[in-house]
Structures are given as C-alpha cells and as structure tokens.
Amino acid sequence: NATSVKEFIFLGLSENQGVQKICFVMFLFFYMMIVAGNLLIVTTVTSSQRLNSPLYFFLCYLSFVDICYSSVTAPKMIADFLVENKTISFVGCIAQLFGVHFFGCTEIFILTVMAYDRYVAICRPLHYTTLMNRRVCGRLVISSWVGGFVHSIVQTLLITQLPFCGPNKIDHYFCDVHPLLQLACTDTYAVGIIVVANSGMITLSSFIILVVSYAVILVSLRSQTSEGWYKALSTCGSHITVVILFFGPCTFIYIRPSSNLSEDKNVAVFYTVITPMLNPLIYTLRNEEVKNAMRKLWK
C-alpha cells in the first residue's frame with residue numbers, strides 16, 4: 001500500500017521558544033554526559049586487567065548500548081530545539097523506530113542477564129566460575145542482541161504495513177509505535193494489541209524476572225555476615241536503582257493500548273536520556289573496583 005506521507009513533523013517537548021532554548025542547553029549537556037560517562041566505563045573495563053569478571057563484561061556492553069540507544073533520539077531532539085520545523089523523512093522515522101526498539105530491547109535483556117549474574121554470584125558462589133564462564137557470558141550477550149533485533153523487526157514491519165495519508169504531525173520528539181499508530185489511516189486496534197503484547201510483555205516479564213531474582217537474593221542473604229550483606233546490597237542496590245528508573249517509565253508506556261497521552265513524551269525522556277546518563281554514575285559511585293581502575297587509567 002502506497003504511503004502518501006513523505007515526512008513527519010515532530011511537535012517536540014515544548015512549543016515555547018524560551019523553553020526550547022533552555023532545553024537545548026540542558027539536553028546537550030545531558031547527551032555529552034551520556035557519551036563521556038559511558039565511554040569512560042567502556043575504556044576503563046576494556047583496558048583494566050582487574051575488571052575481568054562477568055559483571056564488568058556485561059557492564060561494558062550496557063554502556064555501549066546506552067550510547068547507541070540515546071544516540072538514536074537525543075541528537076535529533078537537541079537539533080530540533082533550534083529549528084522551527086522539526087521534520088523527519090518517512091524512511092528516517094522508520095529507521096529511528098527500529099533503532100529505539102533494537103537498542104532499548106537489547107538493554108532490557110542485558111539488565112536481565114546482569115541480574116542473573118548477581119543471582120549466581122550471591123546464591124551459588126561455589127559454582128559461579130563454571131556457570132558464568134567466558135563462553136556462557138558471550139552467548140548471553142549475543143542472545144540479548146538477537147532478542148532485541150527480532151523484537152525490533154516485528155515492531156518495524158507492523159508499522160511499515162500501515163497506510164499513512166496525513167495528518168503528519170507527531171506529538172513526540174522521536175518516532176515511536178504509539179504516536180505513529182495514531183496517524184495511520186486505518187483501524188489500528190489489532191496492531192495496537194500486538195504492540196502491547198510484544199513491547200509490553202517483554203518489559204513486564206523482564207521486570208518481574210528482575211524483581212523475583214532480587215527477592216531471592218535478599219532472602220538468601222539472611223544467613224550472611226553483616227559485611228557480606230553490605231557488599232551484596234551495594235552491588236545489587238545500584239542495579240535495582242537502574243532497573244526502576246528504566247523499567248518504570250517503559251512499562252507505563254508500553255503495557256497499555258495506544259492513547260494520545262501528552263505525558264508519554266515527558267515519561268520517555270526518562271528511559272531515552274536520564275537512565276543512560278545515570279547508569280555510569282550509579283555503577284561507578286557504588287563500586288570501589290571501578291573507581292580504582294579509573295584512577296589507574298587517569299595516571
């Protein structure tokens with residue numbers, strides 16, 4: 001089916017000129033922080049001999065995915081704060097949709113893998129080296145990428161099959177499934193259900209797995225010494241913070257049917273910009289080993 005819409009126009013986060021200028025400075029700073037912070041973690045982990053445990057192997061990939069994930073939406077959003085017409089071509093829009101879901105879903109799977117890693121480390125310490133050897137870790141990371149790709153392809157194909165014959169204004173700052181479903185010139189109820197089943201279920205089930213794994217970890221810690229308690233809680237504490245910041249907003253947006261809630265774009269800022277920016281801070285501030293490796297790197 002032919003598409004008559006050749007480009008879309010974003011309404012962005014705000015239509016107020018003053019607010020847009022403040023947002024430009026603020027989000028440019030956020031984006032620079034995301035790239036610098038996550039690059040620092042990738043460099044530290046790859047160049048340090050001491051940070052060779054699975055936890056850091058996954059952390060390195062998480063930081064890499066964070067850079068890619070925010071780069072799909074942030075640069076375009078920042079540039080749009082300075083222009084009157086925030087346009088994007090149809091192909092550009094579909095590419096952005098694919099990128100957001102590919103990297104976003106990969107991040108969800110990597111966070112789930114990291115929770116499994118913590119579970120094995122704390123609940124089955126004697127079998128840790130055999131259960132989480134290099135091959136297993138490599139496979140888990142590859143599975144995360146493949147899972148993200150499959151999820152994203154499904155979402156993208158669903159949207160590209162829809163006819164768009166105008167209007168072409170998207171009440172958002174990037175191309176996502178829900179805002180696009182509202183612009184399609186056909187009944188999108190069935191597609192909407194599939195989207196919720198796909199995105200919503202991945203987010204919710206991963207979130208439930210994460211919560212359960214942390215509950216199991218905390219229960220198993222009861223017999224530990226206070227020092228063991230503290231060490232385990234500090235590694236898990238940082239992870240739980242990231243999970244709540246990322247999954248809370250994600251679940252809010254994808255677990256319900258499509259609706260034109262103007263809050264959606266404000267909520268989306270959390271998982272596209274805020275979480276990728278906070279990840280390096282949360283993981284390094286709570287972790288002595290990473291801090292020491294960074295000091296060495298600076299020297």
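Biologist: Where is D117 found?
Modeller: D117 sits in helix α3, residues 90–123. Helices here are DSSP runs of H or I with at least four residues, strands are E runs of at least two, and both are numbered from the N terminus. This is a predicted model, where local features need pLDDT of at least 70, side-chain atom pairs count only at pLDDT 80 or more, and totals for chains, interfaces and linings use all residues. Residues are numbered from 1 along each chain as its sequence is written, and side-chain values use heavy atoms, with hydrogens and water left out.

Biologist: Is D117 buried or exposed?
Modeller: Buried, at 0% relative accessibility. Buried means under 20% relative accessible area, exposed means over 50%, and partly exposed is in between, with a 1.4 Å probe and protein chains only.

Biologist: What does D117 touch?
Modeller: Leaving out residues up to four places away in sequence, D117 touches P54, L55, F58, Y128 and M132. Contact means heavy atoms within 4.5 Å.

Biologist: Which side chain meets D117 in a salt bridge?
Modeller: R118, at 3.0 Å from N to O. R118 is buried as well. A salt bridge is a side-chain nitrogen of Lys or Arg within 4 Å of a carboxyl oxygen of Asp or Glu.

Biologist: How many salt bridges does the structure hold?
Modeller: It holds 3. One of them joins K265 and D171, with the closest N and O atoms 2.6 Å apart. K265 lies in helix α9 (residues 263–285) and D171 in the loop between β3 (169–170) and α6 (177–181), so this pair ties together parts that are 94 residues apart in sequence.

Biologist: And how do K265 and D171 count for accessibility?
Modeller: K265 is buried at 9%. D171 is partly exposed at 36%.

Biologist: What about K76 and D80?
Modeller: Their side chains meet in a salt bridge too, at 3.1 Å from N to O. The two residues are 4 apart in helix α2, so about one helical turn separates them. K76 is partly exposed at 22%, while D80 is buried at 7%.

Biologist: Now the packing. At what angle do α1 and α2 pack?
Modeller: About 160°, with the axes 9 Å apart. α1 covers residues 17–47 and α2 covers residues 54–80. That angle makes α1 roughly antiparallel to α2. Under 35 degrees counts as roughly parallel, over 145 as roughly antiparallel, 65 to 115 as roughly perpendicular, and the rest as oblique. Axes are lines fitted to C-alpha atoms, for helices over the stretch in contact, and angles run from 0 to 180 degrees between N-to-C directions.

Biologist: Is the crossing of α1 and α2 left-handed or right-handed?
Modeller: Left-handed. That means the near helix is turned anticlockwise from the far one by less than a right angle; clockwise would be right-handed.

Biologist: How do the residues of that α1 and α2 contact divide?
Modeller: 19 nonpolar, 6 polar and 2 charged. Nonpolar covers Ala, Val, Leu, Ile, Met, Phe, Trp, Tyr, Cys and Pro; charged covers Asp, Glu, Lys and Arg; the others, Gly among them, are polar.

Biologist: How do α2 and α5 pack?
Modeller: At about 20°, with the axes 10 Å apart. That makes α2 roughly parallel to α5. The crossing is right-handed.

Biologist: Which residues meet there?
Modeller: From α2, P54, F57, F58, Y61, F64 and V65. From α5, R134, C137, G138, L140, V141 and W145. The contact divides into 10 nonpolar, 1 polar and 1 charged.

Biologist: Last one. Where is F164?
Modeller: In the loop between α5 (134–160) and β3. F164 is buried, at 1% relative accessible area.
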